[in-house]
Amino acid sequence: MQIISWKSGCYFSFICIFAEIFLLMIMKRILVTGGAGFIGSHLCERLVNEGHDVICLDNYYSGSKENIWHLLGKPNFEMVRHDVCNPYWAEVDEIYNLACPASPIYYQNDPIQTTKTSVFGAYHMLGLARRTKAKILQSSTSEVYGDPAVHPQPESYWGNVNPIGLRSCYDEGKRVAETLFFDYHRLHGIRTKVIRIFNTYGPRMAVSDGRVVSNFVVQALRGEDITIYGDGQQTRSFQYVSDLIEGMLKVMDTDDSFTGPVNLGNPGEFTMLELAEKVIQKIGGKSKIIFRPLPSDDPKMRRPDITLAKQQLGWEPRVTLDEGLDRIISYFREYLNR
């Protein structure tokens, strides 16, 4: 009996050691800059749930501790307050560089800091990737296309951006970041990935975010009139956040020969007036639509060509605008009633 027990114990220990080694082999050390933001928090949550060791970096300029509060007790999650305008050192396998305010309200509030965050942030994270030999993904934006003369926008289109306008701190900052990524890839062989994110919405958007979906939903839930800038005929494409996260992970998992850039967005195209009417129909109430002057350099149309994402990633969005609106209305209704 003692011999059998001893052998059983050895087998059990061997299995435990093997399982631990296997987990260590598949578990990655991943850095997410801007990890307390709307998109970053969803990415951190997905990576933590998959068992990876995640460092969330944020200076809380537009991010919020509330977004990642539920992750703080996890043994494989670490929160670090840090501004990517300054260097950061850690041993990591992968880097997702999301740090930069994406809402016009935030990025126009301090345009110089916005440009510095995009450019210096990319520079410092690429330096970290070079030192650690990590794979690194840059979250660029559809704003690199500016007010497009080509519709829908493929990755081959170079864009139509005003370099000195009110939005240029964000648009040009992201364009320079892309330049840095491709130069580091060509000169130093860094394993880079660049995605261009189109309008994304979902839970954890800030009430005061200023972007159109959250604006319309919050105004309608509060019984306020819905504000449309311009005549309401300008178009956007709306992607639910879970679809974006899936696309980001697929891009990171591609082999080193695929660098992008690749569009991640929902090709469904709606006017601002159509969106406002959908929100009013779903929420009800007495909200009316009012019109205000169109902001400077606001694009007249925006729709991604996702042919490359379909071909290279086997990815396309699954959540329709109606489904996504139901989810975000439910989220904001609960949030506003706290």
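This note comments on selected strands, helices and backbone features of a predicted model.

1. Basis of the note. The model is predicted: local features need pLDDT of at least 70 and side-chain atom pairs count only at pLDDT 80 or more, whereas totals for chains, interfaces and linings use all residues. Residues are numbered from 1 along each chain as its sequence is written, and side-chain values use heavy atoms, with hydrogens and water left out.

2. Helices (H or I, at least four residues) and strands (E, at least two) are DSSP runs numbered from the N terminus. Strand S2 spans residues 53–58 and is mostly covered, with 5 of its 6 residues buried; buried means under 20% relative accessible area, exposed over 50%, and partly exposed in between (1.4 Å probe, protein chains only). Strand S1 (residues 29–33) runs parallel to S2 and is joined to it by 5 bridges. Two strands count as paired if DSSP finds at least two bridges between them. Within this pairing, Ile30 has Val54 of S2 as its bridge partner.

3. The crossover. Between S1 and S2 the chain passes through helix H2 (residues 38–49), and this β-α-β crossover is right-handed. The term applies if, with the strands pointing away from the viewer, the path from the first strand over the helix to the second runs clockwise.

4. The S2 and S3 pairing. S2 is also joined by 5 bridges to strand S3 (residues 77–81), and these two strands run parallel. Here Leu57 has Val80 of S3 as its bridge partner.

5. Helix H2. The 12 residues of H2 reach 17 Å from the first C-alpha to the last, close to the 16 Å expected at 1.5 Å a residue; the expected span is 1.5 Å times one less than the number of residues. H2 is mostly covered, since 9 of its 12 residues are buried. Among them are Phe38, Ile39, His42, Leu43, Cys44, Leu47 and Val48. Just after H2, Gly51 adopts a positive phi of about 95°.

6. Asn97. This residue lies in strand S4 (residues 94–97). Asn97 counts as buried because its relative accessibility is 3%. Its side chain makes a polar contact with the side chain of Thr33 at 2.7 Å. A polar contact is a pair of N or O atoms within 3.5 Å; within protein, one must be able to donate a hydrogen and the other to accept it, and residues adjacent in sequence count only if both atoms are side-chain atoms. Not counting residues up to four places away in sequence, Asn97 touches Thr33, Gly121, Ala122, Met125, Leu137, Gln138 and Ser139, where contact means heavy atoms within 4.5 Å.

7. Cis peptide bonds. Most residues other than glycine have a negative phi, and most peptide bonds are trans. The bond from His151 to Pro152 is cis, with omega near -10°; Pro152 is in the loop between strand S5 (135–141) and helix H6 (168–188). Gly260 and Pro261 are likewise joined by a cis peptide bond, with omega about 0°. Pro261 is in the loop between helix H8 (241–252) and strand S11 (262–264).

8. Tyr60, in the loop between S2 and helix H3 (65–68), has a phi near 65°. Tyr60 is buried, at a relative accessible area of 16%. Arg204 has a positive phi of about 80° and is found in the loop between strand S7 (200–201) and helix H7 (212–221). Arg204 is buried, with a relative accessible area of 16%.
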